[in-house]
Amino acid sequence: MTVSISETKTPSEPSYVFQASVSGLGAQVVGGKGIHIDVEKGGKMYKNIIDGVSGAAVGALGWKDDEVLEIINDAAKKSTYSYAPLMSNKGSEELSKFYIDNSPKGVFASALWLTSGSESNENALRIIRQYYLERGLPDKVKIISRDNSYHGFTMGAQSVSWNPRVDDYKPYLFDQVNVALKMPSAYTYRLKKDSETEEQYSQRLLDTLEKKIIDNGPETVAAVLVETLPGSSLGTTPPPKGYLKGIRHLCTKYDIIFYLDEVMCGTGRCNPNGKLNCWENFLDASEGPDIQTVGKTLGSGFVTIAGVLVGPKIKDVFVNGSNYIFGGNTYSSHEFNCYVALGVQKKIAREHLTANIFEMGNLLAEKLRKQLLTEENIAGDVRGVGGFQSVELVKNRDTKEAFDVKLGVSTRLKTLCFENGLSVMGMPANPDGTCGDRAIFAPAFIITEQDVDEMVKIFVKCVNSLSTALK
Ligand code: PLP
């Protein structure tokens with residue numbers, strides 16, 4: 001499919017939608033099929049733009065899939081509304097069973113379905129708090145999460161997110177001395193010393209974490225929260241060897257909840273062979289998390305659904321304790337959303353689409369590496385796993401010096417790519433230069449090799465042209 005750009009017959013109206021009217025690309029998506037979208041921007045119609053990031057790592061099946069219309073129709077026919085804190089429903093039961101059965105045996109025992117990743121992390125934090133209260137351990141309140149992390153927009157989720165963009169909200173966040181604690185990010189590209197092996201780097205990070213637990217008193221630490229493959233905050237940086245296993249070990253040793261956020265990297269985006277959880281790339285079945293959040297590709301953008309999965313360790317404490325979970329969202333475990341997500345997941349499984357995105361994502365990275373890192377340009381690193389890949393942009397590849405955030409390099413690249421027919425996510429550098437600008441790829445699982453070639457062609461051309469402009 002070729003991109004076509006034409007004038008629209010009538011000039012587009014100004015946007016009335018808050019975010020679009022003040023930020024973003026100033027564009028409106030007006031249609032789409034497969035991995036392509038049609039977008040109107042500034043009086044021009046851009047047809048067949050390749051959506052290289054499926055919205056925001058969301059649309060596993062692309063846009064406007066005929067079978068999904070049937071799934072939606074069927075879900076509408078058999079769904080009704082039930083208030084989840086009072087009553088369950090068949091749709092949410094079936095989706096929970098699907099996720100639990102398709103994860104390693106015994107890791108998850110229950111699920112709570114919500115409408116966004118932020119809300120899911122908010123609920124996970126509440127569940128963790130109540131879990132320790134049930135056990136008569138009210139002082140276990142501290143959540144240790146990482147530098148350069150992002151877990152959502154709600155205030156609880158932001159409190160455990162450490163990145164420059166949440167600093168403005170500090171007055172509204174948890175106490176970041178006594179409740180939310182920070183540990184270093186696992187950022188191999190910049191923070192592993194040349195003299196260290198990956199395992200030694202992991203050990204250094206784990207020693208820092210263990211010291212933090214001991215210094216604070218393990219009796220005050222509730223959970224260690226990690227995004228398995230950090231996406232928007234760090235640019236799809238795979239955990240160094242042994243790192244996640246080490247965190248699992250420390251959590252068990254000190255009676256702390258091992259909490260993974262797989263909202264962006266999970267539900268098949270990074271796995272070969274139909275597996276759902278990104279951590280299955282790095283951990284054995286017996287080392288799975290105690291609690292995990294998921295979202296994005298779960299409903300593939302057709303419905304607003306995300307969720308929290310809890311392991312037997314947590315569930316049993318509630319079942320054998322008060323048998324009561326405080327709090328209820330009006331739309332939690334919404335039957336229609338659950339049925340659509342289940343239909344989408346069954347289609348992904350039946351058509352072996354996780355195997356496809358794993359292969360195509362790795363191919364994309366390989367081609368980008370070959371064409372970008374062997375030439376002189378602003379690409380510093382290409383990294384990721386399967387369908388979740390990033391390019392970090394630097395002023396100097398040898399020193400890894402990041403661009404000044406004021407130059408807006410990622411925004412310029414994102415805009416340039418769009419003008420040339422490719423949508424990518426652009427994330428800005430940290431103001432203190434500790435992380436460079438990133439372009440993030442998370443295409444739909446249905447991507448073909450021809451799409452990969454087209455994406456690489458456009459992206460490489462845009463990187464080269466921006467490199468020349470920045471000289
Ligand atoms: N957690 C991670 C790792 C995310 O990347 C995001 C969103 O990008 C969220 C949580 C929040 O999800 P949502 O935007 O659906 O609230």
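The expected span of a helix is 1.5 Å times one less than its number of residues. Helix 8 (residues 198–216), with 19 residues, can be held against that rule: from first C-alpha to last it reaches 27 Å, close to the 27 Å expected. The helix belongs to a predicted model of a protein with 14 helices and 16 strands.

**Overall form**

- The protein has a radius of gyration of 22 Å, which agrees with the value near 23 Å that a compact globule of 471 residues would have.
- The C-alpha trace spans about 65 × 60 × 40 Å along the principal axes of the protein.
- Of the 471 residues, 51% are buried.
- When contacts between residues at least 6 apart in sequence are considered, 74% of them join residues at least 24 apart.

**Helix 8**

- Tyr201, Ser202, Leu205, Leu209 and Ile213 are the buried residues of helix 8.
- These residues lie on the same side of helix 8, because they cover an arc of only 115° around the axis.
- The cover over the buried residues of helix 8 includes strand 6 (142–146), strand 7 (180–183) and strand 8 (221–227), together with helix 7 (188–191) and helix 9 (243–253).
- Exposed residues Asp207, Lys211, Ile214 and Asp215 sit on the face of helix 8 that is turned away from its buried side.
- Gly217 follows helix 8 and has a positive phi, near 90°.

**Shell around the ligand**

- There are 17 residues around the ligand, and those that come nearest are Ser116, Gly117, Ser118, Gly152 and Val263.
- By type, the shell around the ligand holds 6 nonpolar, 9 polar and 2 charged residues.
- Helix 5 (residues 117–134) contributes 3 residues, the largest share of this shell.

**Gly295**

- Gly295 is in the loop that runs between strand 10 (291–294) and strand 11 (306–310).
- A residue is buried if 20 or more other C-beta atoms lie within 10 Å of its own. Gly295 has 28 C-beta neighbours inside 10 Å, so Gly295 counts as buried.
- Leaving aside residues up to four places away in sequence, Gly295 touches Ser116, Gly117, Ser120, Val263 and Ala306. Among these, Ser116, Gly117 and Val263 are also listed with the residues that come nearest to the ligand.
- From C-alpha to C-alpha, Gly295 and Leu309 are 11 Å apart in space, and they are 14 residues apart in sequence.

Conventions. Residues are numbered from 1 along each chain as its sequence is written. This is a predicted model: local features need pLDDT of at least 70, side-chain atom pairs count only at pLDDT 80 or more; totals for chains, interfaces and linings use all residues. A residue is near a molecule or strand if its C-beta atom, placed from the backbone, lies within 6 Å of it. Helices (H or I, at least four residues) and strands (E, at least two) are DSSP runs, numbered from the N terminus. Ala, Val, Leu, Ile, Met, Phe, Trp, Tyr, Cys and Pro count as nonpolar, Asp, Glu, Lys and Arg as charged, and the others, Gly among them, as polar. A residue is buried if 20 or more other C-beta atoms lie within 10 Å of its own, exposed if 12 or fewer, and partly exposed in between; C-beta atoms are placed from the backbone. The arc is that of the directions from the helix axis to the C-beta atoms. Two residues are in contact if their C-beta atoms, placed from the backbone, lie within 7 Å. The radius of gyration is taken over C-alpha atoms; the globule rule is 2.2 Å times the number of residues to the power 0.38.
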